[in-house]
Amino acid sequence: MIKSSYSLVLALALAACSKDQPKDAPKTETPKPQTADTTGSGSGDKTVAPGPKSTVGTYELDPSHSSVNFKIKHFDVSYTFGRFNKVTGSFTIDADPAKSKIAIEIDPSSVYTADKKRDDHLKSPDFFNVAQYPKATFTSTEIKAVGADYQVTGDLEIHGTKKSVSTTFQFVGSGPHPMVPGQQLIGFIGELAIKRTEFGMTNMVGAAGDDVQLTISIEGAKK
Amino acid sequence: MLISTLLYSVLIPGVIAFAIALVGRRTELAIATAIFAATIAGSWSVVGRPELVPDDISRWLGHIALLGAIAALASSVFRASERRVWAVRVIAALGVSYLVLRPILAHRWGMPTGLLVVAGAAVTVIVYGGALDQVLRRTSPRVGITVALVSMATSAATVAASGSLTIAQIGGGAAAGVGAVWVLALVRPAAAPSLAYVLAPVSWAVVAIGMLYASMPWHVAVLALSAPLVACLGLFAPRTGLRAAIPVGLALAIAGASVRLAITPPPVEEEAEYGY
C-alpha cells in the first residue's frame, strides 16, 4: 500500500515537471550520424553517402579513435595482431577529389601486441628500430573519388624507407559529435598489404612473416 | 630455424677466427684480424652482406670491429711512444662512440649537446678498453683471455635478454672469435694484448646499442660493462694460489648478475586513463 502511494506521487511529480518545460527549450535529442554499409567492397550501395557540401573541409585526426592495425603470420601457422596506438595527422576533403589530401604520422614506439616483451622486441633494431626511425608516415600523392570512398595513392615511409602504395579509404560514417556541440566527425577505413622486407625490416622473416596486412582506421574532427 | 641461425652466427665466426689466429701464429695482428673477421662473419650471417655505408645501426658492428683492428695495428706500430698509443686509443674511442650515436644524435640531443654525449661515451669506451687491456697484460694469457671472453659473452647475453637478438647474435659471433683464441691459449698460452683494441669497441657497442636502441635498462648496461673493471680488482689480491682465478671469478659474478638483472621483468605500467 505504502509502496504504491510512493509510485503515484512520483508519477504525478514527473508529469508536473514535463508540463513546466518551456515550449522553446532546445531539443536534447542525440543526432544520428550518417553511416555507410560495411558489407560491400567499398563502392557498393551506401545508405547515406557523404555529399561534398556536408563533408568538405579539413579534419584533424582524433588519436583516441584512430589507429593503424596490423596482422602478420607467426611461423606460417597463425596470425598475430597488433596496432600502433599513437596516430596523428589530418586530411582535407575537397569538392574536387583530386585536391583532397591526407597525411598521417605514426609513432612506431606505440606498437602494441598485448605482450610487453614482444613490443620491446618490435621496437628494437631487429624490427622497427624506433630510436633511429622515430616516426612512420603516410602522405597522399593522388586521390580519386570512387563513389563515397576514396582511392588514395601515397608515400608510405616505415623504417626510413619510402615506398608508393595505394589503398581505398572506405567511408564509414559522418555526423555531428553527440557530446561536443558544433563538432563534425567523419571516419574512413583502408586496408593495405605490404612486404616488410621491402622496408628494410629483414630480420627473422621465418618467425614473423614477410607479408603484413595493415588496416588504417581514422576518425577526423572538422577544424 | 632460430637454432640454426644461432649456430651459423657462432660456429662460422669461431672457425674463421680459429683458422686466422692459428695460421697467423697468434701474432698481435693475427688476433686482431681474427676478432674482426669473426664479427664480420657474425654480422654477415645475421643481417646480410656488409655495406660500405649502411643505414641501420645493426649493420655497423663490422665497421666498429674494423676500426678496432686498425687501432690495434696502429698501436703496435707506435708501440715505442706512449703518447701516440694514447692518441690512437682516444681517436678510436671517439670514432666508435660517434658511429654508435650518429643515427640518433640529431633528433635526440641536437648539437652541440650531441658532441658532448659522444665525448662522454668515448670516455666510457676508454675506461672499458683500459680495464680489459690491464687484465690482458697483467695476468696470465689464459686468465686474461677468459676475462675477455666472459666480458664479450656478457654483453651479448644481456642484449639478447633486452630485446635485440640481431645485435646479440653479432656479439655472439665476436664472442666466438674470442672463444677460438681462448681454445688456442688453452693448448699453448700466449699473450694477446691486442685483443682489447678490437674487443672493447665491439663489446661496448653491443651494450650501448642495447641500451640506446633496444630496451636494455641503463643499470643493466652499467653492470654488464663493469665486468673487466671488477676483474681488475683481482689484480690487487695477495699472491696466493687462488690469485689467478680471482679476476675470472669476479668477471663471472658480474656476468651472472647482469644476465639475471636483464631477464628480470620490468614493473607493470599503469594503464592510461580512458576518455571520449
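Me: What share of the contacts in chain A between residues at least 6 apart in sequence join residues at least 24 apart?
Reply: In this predicted model, 58% of the contacts in chain A between residues at least 6 apart in sequence join residues at least 24 apart.

Me: Why is A:Asn129 called buried?
Reply: A residue counts as buried under 20% relative accessible area, and A:Asn129 stands at 0%, so the word applies. A:Asn129 is found in the loop between helix H3 (116-123) and strand E8 (136-146) of chain A.

Me: What makes the phi of A:Asn129 worth a remark?
Reply: Most residues other than glycine have a negative phi, whereas the phi of A:Asn129 is near 50°, which is positive. A:Phe75 also has a positive phi, near 50°, and lies in the loop between strand E3 (67-74) and strand E4 (78-84) of chain A. As for cover, A:Phe75 has a relative accessible area of 46%, and because this falls between the limits of 20% and 50%, A:Phe75 is called partly exposed.

Me: How do you know that A:Lys116 and A:Asp120 form a salt bridge?
Reply: The rule asks for a side-chain nitrogen of Lys or Arg within 4 Å of a carboxyl oxygen of Asp or Glu; the closest N and O atoms of A:Lys116 and A:Asp120 are 2.8 Å apart, so the pair qualifies. Both residues lie in helix H3 of chain A, four residues apart, which is about one turn of the helix. A:Lys116, at 40%, is partly exposed, while A:Asp120, at 13%, is buried.

Me: Which residues of H3(A) are buried, and what do they pack against?
Reply: The buried residues of H3(A) are A:Asp119, A:Asp120, A:His121 and A:Leu122, and they pack against strand E7 (111-112) of chain A together with helix H7 (165-187) of chain B. At the start of H3(A), a side-chain oxygen of A:Asp115 reaches to within 3.1 Å of the backbone nitrogen of A:Lys117.

Me: Why can the salt bridge of A:Lys195 and A:Asp211 be said to tie parts of chain A together?
Reply: The side chains of A:Lys195 and A:Asp211 meet at 2.8 Å, N to O. A:Lys195 lies in strand E11 (residues 184-195) and A:Asp211 in strand E12 (residues 208-222), so the pair ties together parts that are 16 residues apart in sequence.

Me: What makes B:Arg89 part of a network?
Reply: B:Asp133 forms a salt bridge with B:Arg89, the closest N and O atoms being 3.3 Å apart, and this value lies within the 4 Å limit. B:Asp133 lies in helix H5 of chain B and B:Arg89 in helix H4, so the pair ties together parts that are 44 residues apart in sequence. Both B:Asp133 and B:Arg89 are buried, and salt bridges that share partners join B:Arg89, B:Asp133 and B:Arg137 into one network.

Me: Why is the peptide bond between B:Met111 and B:Pro112 noted?
Reply: Most peptide bonds are trans, but the one joining B:Met111 and B:Pro112 is cis, with omega about 5°. B:Pro112 has its place in the loop between helix H4 (82-109) and helix H5 (113-138) of chain B.

Me: How many residues of chain A and of chain B are in contact, and what area do the two chains bury?
Reply: 22 residues of chain A are in contact with 27 residues of chain B, and the area buried between the chains is about 1700 Å², of which carbon and sulfur atoms give 51%. A:Pro125, A:Ala131 and A:Gln132 supply 29% of the area that chain A buries against chain B, more than any other three residues. By class, the side of chain A that touches chain B has seven nonpolar, ten polar and five charged residues. Between the two chains the count is zero salt bridges, whereas twelve residue pairs, both residues at pLDDT 80 or more, are in polar contact.

How values were computed
Residues numbered from 1 in each chain as written. Chains lettered and ligands numbered in written order. Predicted model: local features only at pLDDT ≥ 70, side-chain atom pairs only at ≥ 80, totals over all residues. Heavy atoms only, no water. Contact = heavy atoms within 4.5 Å. Buried area = accessible area lost by both parts, 1.4 Å probe. Polar contact = N/O pair within 3.5 Å; in protein donor to acceptor, adjacent residues only side chain to side chain. Nonpolar A, V, L, I, M, F, W, Y, C, P; charged D, E, K, R; others polar. Helix = DSSP H or I, 4+ residues; strand = E, 2+ residues; numbered from the N terminus. Buried < 20%, exposed > 50% of the residue type's maximum accessible area, 1.4 Å probe, protein only.
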